[in-house]
Amino acid sequence: METNFVEYKILSDKAGIILDAPHAKPPKADKFTGEIAKVVAERLKAPYVISKVSRLTQADLNRDENYPLPLQKQARLEYVNVLKHIKAGTNKPVIHIALHGIKDSYGYDFIIGTRHGKICDLKTAEKIKNLLETEFKKFNLQPVVVIDKLFPGDPSLEKLKKQIGGNYQIVQLEISRKFRDNYQKETIEVLKNVLKNLNLA
Ligand SMILES: [Zn+2]
């Protein structure tokens, strides 16, 4: 489905997972996050939401509706509504994984952002960390995985969690350029396996 501001697809309401790439659109895109979100979602038969607006010139879906960009209000409202619509289609617990990109020079490959437990409980974050490390080991890769360092998530994510409501958690997953680009295939396969094995209670 296409709306003005996002591309989304509800592949199945049974996955309990939403893949999201709010900064997929250039200019100033988090490169490859749209592609990764889409392929992981397709393999999991999970819904995905991918931004069609640039965070630099149009609207930033990872900010609240008052952020000063020309299409911010409409775009953010539509984004929230699409997520509400997806959540309404299932009575399972849902975990929303928002993919972002960071520079390699920060020294982290994956930052699991929970806003210090406010948008996702730390037990689930630990589980994601352990699964990421275990799954990458199968490819002989040892990414640096941390929780809530440097980019724990924008405050608007707390608001979003409340707006969606119910058993709904959000993880902001920052991925280094190296893992989005050089190890993209491995990252897709690992994310698929991590999310499949998450078993949310
Ligand atoms: Zn981003």
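**Close-up views of a predicted model**

With 23 C-beta neighbours inside 10 Å, isoleucine 111 counts as buried (buried means 20 or more other C-beta atoms within 10 Å of the residue's own, exposed means 12 or fewer, and partly exposed lies in between, with C-beta atoms placed from the backbone). Before we look around, please note that this is a predicted model, in which local features need pLDDT of at least 70 and side-chain atom pairs count only at pLDDT 80 or more, while totals for chains, interfaces and linings use all residues. Residues are numbered from 1 along each chain as its sequence is written.

**View 1. Isoleucine 111 and its surroundings.** You will find isoleucine 111 in strand β5 (residues 110-113). Strands (E, at least two residues) and helices (H or I, at least four) are DSSP runs, numbered from the N terminus. Leaving aside residues up to four places away in sequence, isoleucine 111 touches Ile102, Val146, Lys149, Leu150, Phe151 and Glu174; residues are in contact if their C-beta atoms, placed from the backbone, lie within 7 Å. Valine 144 is 33 residues away from isoleucine 111 along the chain, and their C-alpha atoms are separated by 8.5 Å.

**View 2. The sheet, strand by strand.** Seven strands form an open sheet with mixed pairing, in the order β1-β3-β2-β4-β7-β5-β6. Which strands stand at the edges? They are β1 (6-9) and β6 (145-147); each has a single partner strand, so one side of each is left without a neighbour in the sheet. From one strand to the next, the twist averages 20°. Strands of a sheet pair through backbone hydrogen bonds, either parallel or antiparallel. Here, two strands pair if DSSP finds at least two bridges between them. Over four bridges, β1 pairs with β3 (residues 48-51) in the antiparallel sense, and valine 6 has serine 51 in β3 as its bridge partner.

**View 3. Helix α3 against helix α6.** The axes of α3 (residues 122-137) and α6 (residues 184-196) come within 9 Å and cross at roughly 135°. That makes α3 oblique to α6 (angles under 35 degrees count as roughly parallel, over 145 as roughly antiparallel, 65 to 115 as roughly perpendicular, and the rest as oblique). Axes are lines fitted to C-alpha atoms, for helices over the stretch in contact, and angles run from 0 to 180 degrees between N-to-C directions. On the α3 side, Ile128, Leu131, Leu132, Glu135 and Phe136 meet Glu186, Val190, Asn193 and Val194 of α6. By class, this contact has six nonpolar, one polar and two charged residues (Ala, Val, Leu, Ile, Met, Phe, Trp, Tyr, Cys and Pro count as nonpolar, Asp, Glu, Lys and Arg as charged, and the others, Gly among them, as polar).

**View 4. Helix α1 against helix α6.** Helix α1 (residues 33-44) packs with α6 at an angle of about 45°, their axes 9 Å apart. That makes α1 oblique to α6. From α1 come Ile36, Val39, Val40, Arg43 and Leu44, and from α6 come Gln184, Thr187, Ile188, Leu191, Lys192, Leu195 and Lys196. By class, the contact of α1 with α6 has seven nonpolar, two polar and three charged residues.

**View 5. Backbone details in two loops.** Between β2 (17-21) and α1 runs the loop that holds proline 27. A cis peptide bond, with omega about -5°, joins proline 26 and proline 27. Phenylalanine 32 is in the loop between β2 and α1 and has a positive phi of about 70°, although it is not a glycine. Is phenylalanine 32 buried or exposed? With 20 C-beta neighbours inside 10 Å, phenylalanine 32 counts as buried. Leucine 150, in the loop between β6 and α4 (156-164), has a positive phi of about 65° without being a glycine. Leucine 150 has 12 C-beta neighbours inside 10 Å and therefore counts as exposed.

Terms used:
Two residues are in contact if their C-beta atoms, placed from the backbone, lie within 7 Å.
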